[in-house]
Amino acid sequence: MTARFPTITFPFMRCRQQLRPLRRSAAWLAAGLWIGLGQMPAAQANGDWYAGCSREGEAAYCYRPFAEGLAAVQLGSLQEYHPTWGYLNREGELAIAPAFDDAESFQNGLAAAARGDKWGYIDRTGAWVIDAAFERATGFNAAGTAIVEMEDRIELIDRRGQTVKAFPLGTRSRGFRPGQELAMVEQESAPLAWHIASGRLLRAPDSVGALEAGYGRDSWVSPQWLAAQTRQANYRGRWGLLKQDGNWLATPEVLQSRLAPVSDGKLAAISREESHQWQLADLQGKIVKDTLYATLDLLAPGYWLGRNHQGTELLDANLQRLGHWSGDDLRVQRKPEWDFAVVSDGQAIHILNDGQPAISLALAHQAVRVWDERIWVFSESPAGTSRYGLGEPGVLAQVYDRRGQPLLARAQDKTPGAAPAAQDAPGAADADNADQDQAAAPAPLVRQPATRDLLDGYAVRVLSDDRQRVSDAARSFWPLAILNPINDERPLPPAILTAAGEIVSAADWRNIQASDEGGPLLVTLENQHTGALDAQGNWLVEPDYRDLEAFRGGYTRALLDDSRDGWRSAVLIDMQGRPVELPAKVADGMVRLEDGLVAYRAENSHGQERIFLWDIAAGRDISAEGFQELQAFDEGYARAQQKGKWGLLGTQGKWLVPPSQQYAPSVRRLPGGVLQVEEAGSSSQVRLYRPDGSTVGPLLNEEVRHLGHGKFLVSLAENKAAAVLDVNTGKVSALPEHPSQNLSVAGADTWLLVRGDYRTGAIDAKGNWRIAPTLSDFNPFFVQPAGLARAVGTGGSYLVDEQGKKVLPALGDARPLNEMDRLVLYDQEGDSLLVNRAGQVITRVEGDYSLEAESASEGLLPYSPGRSHKYGFLDAAGKRVIGAYFDKLGPMKDGRAAALRRERAGKAYGYIDRSGRYAILPDFTWVSDFSEGRALVRRERLVQYIDTSGAAIAYFGVLCNHVAVITPDDRVLWPAADKLQCPDLVKDAADSRADPPPPEPVRAQAPAPVPAPPAALAPGA
């Protein structure tokens, strides 16, 4: 029998005089009942836990749907930090008094409830059946088992609370759903690591939950081992060092590090402190230096950089201090691809090579930069000027190799001879001698050791720099740097700095240019003539020409002194300055010069104008048919159109990608000369091509990442699986169970780390795997009564039954429908199909996802044709039993579906029946689906449960600073009378005595009869 609790009724007659007859209950509450905290007096606005209980989408956290005749509800004082939970029955009476810190719905006779932060189970009387001892609890299945969580590990228990089965750490589940004999369970797979250079896969032991290259961002990464964490609750496992062969270099039990350690194979940086401070230990776990550091980085094997509140210190392999700094002047330069590091502080430079003694250079400097394994040292200009080159931070003082050997003359060396003075440009007075000046021989080249005295006069533009997007072959013509004078009071000509440490210049040099595409430097003289230099400062092309274009493929165009038509009369020369003769049709139709080829326009044999290619070195045409369009060559390829189709052309005139696409394909050049080319007809799929035009590997998705060593991380178009593609061999090594978002590259493209991924399966009531955990998801989980689920894996989707058997293979991507014995397919034409088990189409609805498979219920399926955003219902025969008139439409539950039709009811919700008519008129701010003949709604600012006729069975609101439960006949079910102390309302009641006598109170009508639930849903069934 349902327990009843004492109730209290307040005679708010003064307020009732203003009531509308049909809204008596809601208006009665207006005297002292608030719904939102924003409407409460300031002194009472402190119940944060109740703030969302009247808002759409949040009320479900305060009021559960009915299940087995009861609904869990959250009640309490707004002055209390924690509310308590109790249960209402279907008549709106409190069946179980509020006494729990949290509560869930009943399932198979028991409900999960919380006491403090622990969960247990209660029966229908509110008595504890299984004591609160779990961190989390879920519902019981019909066989009498449930999934709980204890010490971050899930277990299967029986109705006595005894463990039936314990699952490994890294397993999680939301438990058995009502009416299901299986539970969806996720299990975390072990992490993997792919050694990029060797292609070997490091499989971590099952006891390992995570692999990392190391904690510090600036730390050196070993190609032989990784940090590995044991699998423990809440990722609290200790870290050790795991070797490439899967054996331990140092076990977690020995190192006992809370964070991922870094090691050079002799010592390790570990963190045993809760404050996450670091220490140095040997591989037996013995602390070798007591100092605690906030950070501790391994710059190179044998060199440690530690920072704490006392400053920063640099230690060698013997823990001898190489330097100590208390300020912020220290600069550390290293990259994952380097096997050395550079530390500088303005006064000294330390070069740290793997396993070699440190090289310390006492040299005052403003900045140090590392480019192409050269160490460039800059100082401030004596003149104080800031006219430097492309980001170079000062005047060049010295350049060292990684062994500390200087490439330039010593700074104290003096210039052996005077630097070449810049010549004055010819002025108006010299106009009569202009022809003679232009014909004059160029000034002799001057070569001098690069000393500090000379360098003080120049700003440096570094060319030997990996910031430049130039190929190694094209950059081979470049010296180390271009030197431009910075002091107008000390006239100097521009110069170059060679790799031999020489400054090369001439008195008549005016300007030096380096093309963005590489090739020889172009030098313009004061007499406006131009020549070309090699990397050592020798003339490749004497400055005999009025102008030169940048070299492309060993050739360029040059203007002679007697050229009268500008570039139309230019001559073609090679890198020795020798003229190259072209056929008249090529010379006359020249469009551009690139990569040793001449693109020119001419007519083909059919009299059509086309673009042809002439190979200069071979002296022949390499494009017999010509091209309708030919874009400029870029790093060895060009997009070209022939016979109306686009393809990719190589510099030999051969098709890398034959013309087959309607538009010019998108192309991306990858390291190693590999081309990533957009697949015809797809903007999201690509193929890789070698420089010779041969394809590499299968069709891919567009996410391609270079890993180094000729290997690329790719996503296979066939099944979206992540894989490693070796372009040297064409081998594809797939990682089918790991999506690309779980992959990361660590340590100079040394390791491809594969995080453990949660894979989904299903267990039965005994805890046995009915479906192994190899899936990404179930969508949906098993629908009833068909017992089918759509299993989603990395390679696609398929249907399974409750025994784990694949069924209906022809309908692999179909979604089974609840209570309909039908399935939904979304086809490539953009339509949604309702089909039967045989795959026969019952009806087709225009539009992607226009059939809402997840909302099928009681034989009806919501649909929305096209992009109308209007909803109706289909039945299993495909008949549109309710037209698409509604702006929002919920699933049919208990013969009622929540509906919103703005053109008729504005923003108010109601409920329709199976005929499409309103069974409950639109009168609600928000609604929920019916469950066991009851639904939670908000009407006139009051949250309430209603029955299928729309009659309220209970209201919720704030009364006397308490969340109260009120019946339709004005009884306060909760809290008790002694809790309701309302001084303001008492005062109002006293003041009301002076008012005229109120009319007779409106007698409450008898509540509408509550229909009996189906037998299967009746309490105790």
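Mentor: Let's start with a term: a residue is buried under 20% relative accessible area, exposed over 50%, and partly exposed in between (1.4 Å probe, protein chains only). This is a predicted model, where local features need pLDDT of at least 70, side-chain atom pairs count only at pLDDT 80 or more, and totals for chains, interfaces and linings use all residues. Residues are numbered from 1 along each chain as its sequence is written, and side-chain values use heavy atoms, with hydrogens and water left out.

Trainee: How far apart are S54 and Q944 in sequence and in space?

Mentor: They are 890 residues apart in sequence, and 9.7 Å apart in space from C-alpha to C-alpha.

Trainee: And why does D562 count as buried or exposed?

Mentor: D562 has 53% relative accessibility and exposed means over 50%, so D562 counts as exposed. The loop between β46 (555-559) and β47 (571-574) holds D562.

Trainee: What makes β74 and β75 a pair?

Mentor: Pairing takes at least two bridges found by DSSP, and 4 bridges join β74 (residues 823-826) to β75 (residues 831-835), so they pair, running antiparallel. L823 stands opposite V835 in β75.

Trainee: Which strands form the open sheet, and in what order?

Mentor: The order is β73-β74-β75-β76, with antiparallel pairing. β73 (815-816) and β76 (841-846) each have a single partner strand, so they stand at the edges.

Key
Helices (H or I, at least four residues) and strands (E, at least two) are DSSP runs, numbered from the N terminus.
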